[in-house]
Amino acid sequence: VVLALCSSELASVCAAAMDTNPLAAPLLAYAGQASAQDFAPDGTHISIDQLGIQVPMIPGDISLCGYLPPEVMENLAPRYKSWIFLNKATDPNFYPEELALASVNHVEVLPIPGPPLPMPTDEQVESALNAMDRLPRPLMLQCSSGNRAGVLLLLWLVKKHGYSVETAQKLARDCDLKFWTRCSNCGPMREWLLARLDRMPSGETPCDGEILTAVESFVFSQLFDPESCTFTYIVGCESTKEAILIDPVREQKDRDMTMLSELGLELRYVVNTHAHADHVTAGGRIRAEKPEVRTVISKASGARADVLAEAGDKVVFGNFHIEAIATPGHTKGCLSWLLQASGKGMVFTGDALLIGGCGRTDFQQGDAGELYDSVHSKLFTLPDDTLVYPGHDYHGHSVSTIAEEKRSNPRLTKSRDQFVKMMAELELPLPAKMDIAVRANMLCGI
């Protein structure tokens, strides 16, 4: 499985951190949109593996790490809403001041000992698992090396989903949890974990790998354009090699096509969530070079494309598909796209729902009340654990969940009347490329 949650500046770092065979690469990613220089002020190259930061695709909004130097903490912490430190508060490598300065408002110190110390008590484990249930996402679990953080994540997944011991072991291998796959000194920890798993109730019949088969056949990459702060998504089916590209930026066309080639994928569709005002889509230029690729946009947008989609329509690529959800309000023609894979939902929301925000509603037939209704009736009714992948981010975030946005999105937790009033009073400057982008995007970026 390939999961690359990284900016264009980090593409080479991500590649170096993965196995040369991308299909055998661990479920590993850097969490956030930062350049390598953010983590090496002196210009020294630091790889993801050296930092020891992992973001397993399951559940997708929890990260794992070991000790980090203060300058790394300073740049990493703002990407998180919650932080659990699994050592004592007196540990010299715990930096509560940096977390406070980064506005990480939920910080808990919950010591979970490991070898050579006695293994944790049931009370210590339950306290940490309850905190994981309670704290908002994204969440970081930090210990000395990332190993105990991985153990806690696996226990939480087993408790939450009722996985069998067999499935838990497969998940630990496929997610490359270091205590299971790469730690020669973690034998006592693994033995303790297996004994504890045997005592936990399982609501699952043996799956013979069917859950993980879905993960293994799924290819996903999140890419970032720093000028427009736009996310582009590559989503592919490993078994058939068919892929889609969501919201590509014209200036990043070569990057995206190179990534598809490196992943061994054949592009079938270019999907735009709406007619953008801040960048020009790469769809038209891609189609000019590859006539077999079909472009997709909402019929309500009035823009040209090969496929004019409406609510409920599906775009199929290999063994997967995305389904259109009409979410007008930012523009009249906004569609969100829902993907069900790996036992979890993922929704690509364009500008309708951002992490801690939403798109503006003061042009392109925008309507604040309609946007509020779209989000609350179409997106906030999805399962709470659905991952939210937005069209933009301006604060270093990359993924959220429906539950987190329902709980803490500062705009969309207001009443409808308050929201409409707030949006009317924003007085934002128009996007710099609006005149060029809107006209071009109505013609598929040509």
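Modeller: Here is a predicted model, and our questions and answers follow.

Biologist: How far apart are the end C-alpha atoms of helix α9, and which span should its 13 residues have?

Modeller: Helix α9 covers residues 187-199. At 1.5 Å a residue, its 13 residues should span 18 Å. The end C-alpha atoms agree with that, for they are 19 Å apart.

Biologist: Which residues of α9 are buried?

Modeller: Buried means under 20% relative accessible area. What covers the buried residues of α9 includes α5, α6, α7 and α8. The buried residues are Gly187, Met189, Trp192, Leu193, Arg196 and Leu197.

Biologist: Are α6 and α9 roughly parallel or roughly perpendicular to each other?

Modeller: The axes of α6 and α9 come within 12 Å and cross at roughly 15°. Angles under 35 degrees count as roughly parallel. Therefore α6 and α9 are roughly parallel to each other.

Biologist: Which residues of α9 does α6 meet?

Modeller: α6 passes α9 in a right-handed crossing. From α6 come Asn147, Arg148, Val151, Leu154, Leu155 and Val158. In α9 they meet Met189, Trp192, Leu193, Arg196 and Leu197.

Biologist: Which cysteines form a disulfide?

Modeller: The structure holds one disulfide. A pair of cysteine sulfur atoms must lie within 2.5 Å to count. Sulfur atoms 2.1 Å apart join Cys183 and Cys186.

Biologist: Is the link of Cys183 and Cys186 right-handed or left-handed?

Modeller: Cys183 counts as buried, at 16% relative accessibility. Cys186 also counts as buried, at 4%. With 80° about the S-S bond, the link of Cys183 and Cys186 is right-handed.

Biologist: Is α13 parallel or oblique to α15?

Modeller: Helix α13 covers residues 368-379, and helix α15 covers residues 416-424. They pack at an angle of about 135°, with their axes 9 Å apart. That makes α13 oblique to α15.

Biologist: Which residues of α15 does α13 meet?

Modeller: α13 passes α15 in a right-handed crossing. On the α13 side are Ala368, Gly369, Glu370, Leu371, Tyr372 and Asp373. In α15 they meet Arg416, Phe419, Val420 and Met423.

Definitions and conventions:
Residues are numbered from 1 along each chain as its sequence is written. This is a predicted model: local features need pLDDT of at least 70, side-chain atom pairs count only at pLDDT 80 or more; totals for chains, interfaces and linings use all residues. Side-chain values use heavy atoms; hydrogens and water are left out. Helices (H or I, at least four residues) and strands (E, at least two) are DSSP runs, numbered from the N terminus. The expected span of a helix is 1.5 Å times one less than its number of residues. Buried means under 20% relative accessible area, exposed over 50%, partly exposed in between (1.4 Å probe, protein chains only). Contact means heavy atoms within 4.5 Å. Axes are lines fitted to C-alpha atoms, for helices over the stretch in contact, and angles run from 0 to 180 degrees between N-to-C directions. Angles under 35 degrees count as roughly parallel, over 145 as roughly antiparallel, 65 to 115 as roughly perpendicular and the rest as oblique. A crossing is left-handed if the near helix is turned anticlockwise from the far one by less than a right angle, and right-handed if clockwise.
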